[in-house]
Amino acid sequence: MSSAAYIVEAYVCPTIGAILSTLTFAAPIKALRSSIKNGSLGDLNPTPWIFMLGNTIGWLAYSFVTDNLFVFFANAPGLLISIFLNVGAMKLQYYEMVSSIQLTESRTATNQGDDADDTQNTVDASELDGDIIHNNTDEKQRMGPPSLTSHEKAVLCIIITWFLILSITSLAPISKRDMKLVIGIAVNLNLIFFYGAPLSTIVTVVRTRNSASIHFLLW
């Protein structure tokens, strides 16, 4: 093999791969920025970002085991991007839940005001019982949103999964070859879910004839 061919194979092609990988990871940034401005995820599908996080964690671990700088630089920017994307999705989901609760409370307060105008000062025992039940209902409505959004739960699951995989492969008495094999299989399984996750919106795309949930442009 000539020196020029070796340089192309060993350096040029991996460098191009690293650049294309980073561009792929960065594709949803424009859509997320637009959603943040609108205050809602809308048609945006954040599911692939969960597996993007696991994918980059796995490939970074693989780069450490194999001492491969090209694998590292192909996924290190992706890890930072996936953190940004997932944090943005979690914030938007929480904001949507809080907004929904506030809207419900506002409607409930309006209905209570209308009821008070109708009933005025007529109070009897049955009405007192009804007020107690109504107050209990109001307290439940004021409990606020859940502490974790669905996206946060999924992100925690993928982080815990990779934490267990990397802990076992690091602490178990296995050879470096077996370590590369385990991490390689795990990250390729994660990669399948990463590339398959966008298909979760394919039914919506076909039904609405709207591809807004698919990321094309970078900026």
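Tutor: Gladly! Let us start with a term: a residue is buried under 20% relative accessible area, exposed over 50%, and partly exposed in between. Keep in mind that this is a predicted model.

Student: Then why is Asp 67 called exposed?

Tutor: Its relative accessibility is 61%, and exposed means over 50%, so Asp 67 counts as exposed.

Student: What makes Asp 67 and Lys 176 a salt bridge?

Tutor: A side-chain nitrogen of Lys or Arg has to be within 4 Å of a carboxyl oxygen of Asp or Glu. Here the N to O distance is 3.8 Å, so the pair meets the rule. Lys 176 is partly exposed, at 46% relative accessibility.

Student: How many salt bridges does the rule give?

Tutor: The count is two. Arg 177 also forms one with Asp 178, where the closest N and O atoms are 3.8 Å apart. Arg 177 is exposed at 64%, while Asp 178 is partly exposed at 30%.

Student: Now the aromatic rings. Why is the pair of Trp 59 and Tyr 62 called edge-to-face?

Tutor: Two numbers decide that. Ring centres must lie within 6.5 Å, and planes over 60 degrees apart count as edge-to-face. The centres of Trp 59 and Tyr 62 are 5.6 Å apart and their planes are at 85°, so the pair is edge-to-face. Both residues are in helix H3 (residues 47-66), three residues apart, which separates them by about one helical turn.

Student: What makes Trp 59 buried and Tyr 62 partly exposed?

Tutor: Trp 59 has 19% relative accessibility, and buried means under 20%, so Trp 59 counts as buried. Tyr 62 has 23%, which falls in the range between 20% and 50%, so the label is partly exposed.

Student: And why is the pair of Phe 64 and Phe 72 called tilted?

Tutor: Their ring centres are 5.9 Å apart and their planes are at 40°. Planes under 30 degrees apart would be stacked and over 60 edge-to-face, so the rest, including this angle, are tilted. Phe 64 is exposed at 55%, and Phe 72 is partly exposed at 25%. A search of the whole structure finds eight aromatic pairs, and ring pairs also link Tyr 6, Tyr 11 and Phe 70 into a cluster.

Student: How do you know that Val 12 can belong to a surface patch?

Tutor: Patch residues need over 30% relative accessible area. Val 12, found in helix H1 (residues 3-26), has 38%, so that condition is met. The nonpolar patch includes Tyr 6, Ile 7, Val 12 and Leu 23 among its members, and has about 810 Å² of accessible area together.

Student: How do you know that the buried residues of H6 are on the same side?

Tutor: The buried residues are His 151, Val 155, Ile 158, Trp 162 and Thr 169. They cover an arc of only 70° around the axis, which puts them on the same side of H6. The face turned away from that buried side carries the exposed residues Ser 150, Phe 163, Ile 168 and Leu 171.

Definitions and conventions
Residues are numbered from 1 along each chain as its sequence is written. This is a predicted model: local features need pLDDT of at least 70, side-chain atom pairs count only at pLDDT 80 or more; totals for chains, interfaces and linings use all residues. Side-chain values use heavy atoms; hydrogens and water are left out. Patches are made of residues with over 30% relative accessible area and no salt bridge: like charges are joined within 9 Å, nonpolar side chains (Val, Leu, Ile, Met, Phe, Trp, Tyr) within 5 Å. Accessible areas come from the Shrake-Rupley method with a 1.4 Å probe; for residues, only the protein chains shown count as cover. Helices (H or I, at least four residues) and strands (E, at least two) are DSSP runs, numbered from the N terminus. Buried means under 20% relative accessible area, exposed over 50%, partly exposed in between (1.4 Å probe, protein chains only). Rings of Phe, Tyr and Trp (its six-membered ring) pair if their centres lie within 6.5 Å; planes under 30 degrees apart count as stacked, over 60 as edge-to-face and the rest as tilted. The arc is that of the directions from the helix axis to the C-beta atoms.
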